[in-house]
Amino acid sequence: MASQLVTDSGAWQELQGHASEMGGQQLRDLFDQDPDRFDLFSIQLDGVLFDYSKQRIKPETIDKLVALANQQDLPEKIRQLLRGEPLNSTEERAALHTALRSHSDESVEVGGHNVVDDVHAVRSQMGDFVERVRGGQWRGFTGRKITDVVNIGVGGSDLGPKMVCRALRSQADEVIDIHFISSIDGAHAADILPRLDPETTLFVVSSKTFTTADTMSNAAAARVWMTLAAGDVKVIPRHFVAATADSAEAEAWGLPAENIFPFWEWVGGRYSMWSSIGLPIALYLGMEAFEELLEGAWLADRHFESEPLERNIPVLMGLIGVWNSNFLGMAGHVVLPYAAHLNHLSSYLEQLEMESLGKSVTLDGARVNYDTGPIVWGGVGSNAQHAFYQLLHQGTRSAPMDFILPIDPAGADADQYQLTIANCLAQSRAFMVGQEGEDPYHRHEGNRPSTTFLLDALTPRNLGTLVALYEHKVFVQSVIWEINPFDQFGVELGKRVADQVHQELLNHDSPPERYDSSTNGLLNRIQRRTL
């Protein structure tokens, strides 16, 4: 496809013609026409059911989308991803998050080296450490057991572990409590540190480069807090460990090699919770739970690798996303978990999808002439019903929705949880069928497409499967759109400009004049206020 954009291709043109037919198709009519629609458009993978029957599709739609996928050579791209080929072309490296959940007898070679051996060596190191901390052998500077773990990170080094720990909190015991510090303004540290006992607190500093300004400023504040409490900087190795791809930087910061849990350059931040970045998950929930999380993701990897495109869950997720965005004109995507403990899932998926797919240049360097990543947003469904559902029901803008519902109440009152189940199923149906209404104010057009993920229970295994399915969905869409989902140069630009502006704030000798009038004016105002 190097010679033309995907929009010029035959498969794309076929879908455009089909969209003209399907644009006015009512979902309720599709269900009336086919009583077996659910059976046709749903797939079970272990403890996760994927129901896409409420999408505005027919079997013909799937056939045309699969033809587009084959035209874009998706099956071979999947094989290349799982083999460890350098698909991150702009940074000239592989994207091997799938190797992080591999079994020990598998082989994924990069440069002739089996990286699976390295992955399991670090996993063994993590397991030994987790056992020592949770078992009380690793103690603080006064000999007391560790009771609190604080993860210091930002982006994927924060969102992934935090999402999982919050999602699975009902399965946590009372051995370790978990906390997260990410805000660069120091507010998180100011909120959390005064409530902790330095004698029983362990910090995990999570940073790929160990130079990220947000993370390292918070780590420095935590080190000062610990040193002042102990009266001696020598206690730091008892209370700080690192998860990083740059062990030398972590050692220069003051940590011994045995306190460093490495990962590798081919691990992207938003794909990193399967690596040693997941250490806080293992400390909070236990190593067995972390390994179950990995196993669930491994199941999704094998499904992605082996199932035909027309019955492959992440392939269908990605293709239906392309259908909704590029052919039905829907610019957003809403994630609606119906479980209070999944309150960080929407934020996690916002980063995964928008940082990966927020690109406007193809792999060949050409400017795209089509929409790529949708705007992803959402919230816990039972709360969102009283917040933004009004726009989704009757507004002028429509966005496809993902409903995520665990069947098991996970410790909640079983009778009360039936209300949650009822609301989730009712909302997906109401968005689909709408309501005629006796006047225009009560009219609901319906025909709002949605997908439902039904989890047997909110377990580490099922959560791992769900997240990995979304990861692979992102890859599928990147192949269709011919973009690189593994770089994030926009993020890096913001960091560089922030470093420049920070230097201006530190220079009080003269007012800044090097930027635009807005930035200069704001800096002048701030400097006058703070001098």
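Axes are lines fitted to C-alpha atoms, for helices over the stretch in contact, and the angles between N-to-C directions run from 0 to 180 degrees. In these terms, helix 5 (residues 74–83) and helix 19 (residues 460–481) of this predicted model pack at an angle of about 130°, with their axes 10 Å apart. Since angles over 145 degrees count as roughly antiparallel and those from 65 to 115 as roughly perpendicular, helix 5 and helix 19 are therefore oblique to each other. The crossing in which helix 5 passes helix 19 is right-handed. On the side of helix 5, the contact is made by Leu 74, Lys 77, Ile 78 and Leu 81, and on the side of helix 19 by His 472, Phe 475, Val 476 and Val 479. Sorted by class, this contact of helix 5 with helix 19 has six nonpolar residues, together with one polar and one charged residue.

The chain as a whole may be described next. The protein chain holds 21 helices and 13 strands. Its radius of gyration is 25 Å, close to the 24 Å that the globule rule gives for 531 residues, so the chain is as compact as a globular protein of that length. Taken along the principal axes, the box filled by the C-alpha atoms of the protein chain is roughly 75 × 60 × 60 Å.

Two further helix pairs involve helix 1. The axes of helix 1 (residues 10–22) and helix 4 (residues 59–71) come within 9 Å and cross at roughly 160°, and the two helices are therefore roughly antiparallel to each other. Helix 1 passes helix 4 in a left-handed crossing. To this contact helix 1 brings Gly 10, Ala 11, Trp 12, Glu 14, Leu 15, His 18, Glu 21 and Met 22, while helix 4 brings Glu 60, Thr 61, Lys 64, Leu 65, Ala 67, Leu 68 and Gln 71. By class, seven nonpolar, four polar and four charged residues make up the contact of helix 1 with helix 4.

With helix 14 (residues 313–327), the axis of helix 1 comes within 11 Å and crosses at roughly 75°, and helix 1 and helix 14 are therefore roughly perpendicular to each other. Here Trp 12, Leu 15, Gln 16, His 18, Ala 19 and Met 22 in helix 1 meet Trp 323, Asn 326 and Phe 327 in helix 14. The contact of helix 1 with helix 14 has six nonpolar and three polar residues, and no charged residues.

The strands can be considered in turn. Strands of a sheet pair through backbone hydrogen bonds, either parallel or antiparallel.

Another open sheet is formed by six strands in the order 1-2-13-12-10-11, and its pairing is mixed. Strand 1 (42–45) and strand 11 (375–378) are the edge strands, each of which pairs on one side only, and from one strand to the next the twist averages 15°. Strand 1 pairs with strand 2 (residues 48–51) in the antiparallel sense over four bridges, and the bridge partner of Ile 43 in strand 2 is Phe 50.

Key. Residues are numbered from 1 along each chain as its sequence is written. This is a predicted model: local features need pLDDT of at least 70, side-chain atom pairs count only at pLDDT 80 or more; totals for chains, interfaces and linings use all residues. Side-chain values use heavy atoms; hydrogens and water are left out. Angles under 35 degrees count as roughly parallel, over 145 as roughly antiparallel, 65 to 115 as roughly perpendicular and the rest as oblique. A crossing is left-handed if the near helix is turned anticlockwise from the far one by less than a right angle, and right-handed if clockwise. Contact means heavy atoms within 4.5 Å. Ala, Val, Leu, Ile, Met, Phe, Trp, Tyr, Cys and Pro count as nonpolar, Asp, Glu, Lys and Arg as charged, and the others, Gly among them, as polar. Two strands pair if DSSP finds at least two bridges between them. The radius of gyration is taken over C-alpha atoms; the globule rule is 2.2 Å times the number of residues to the power 0.38.
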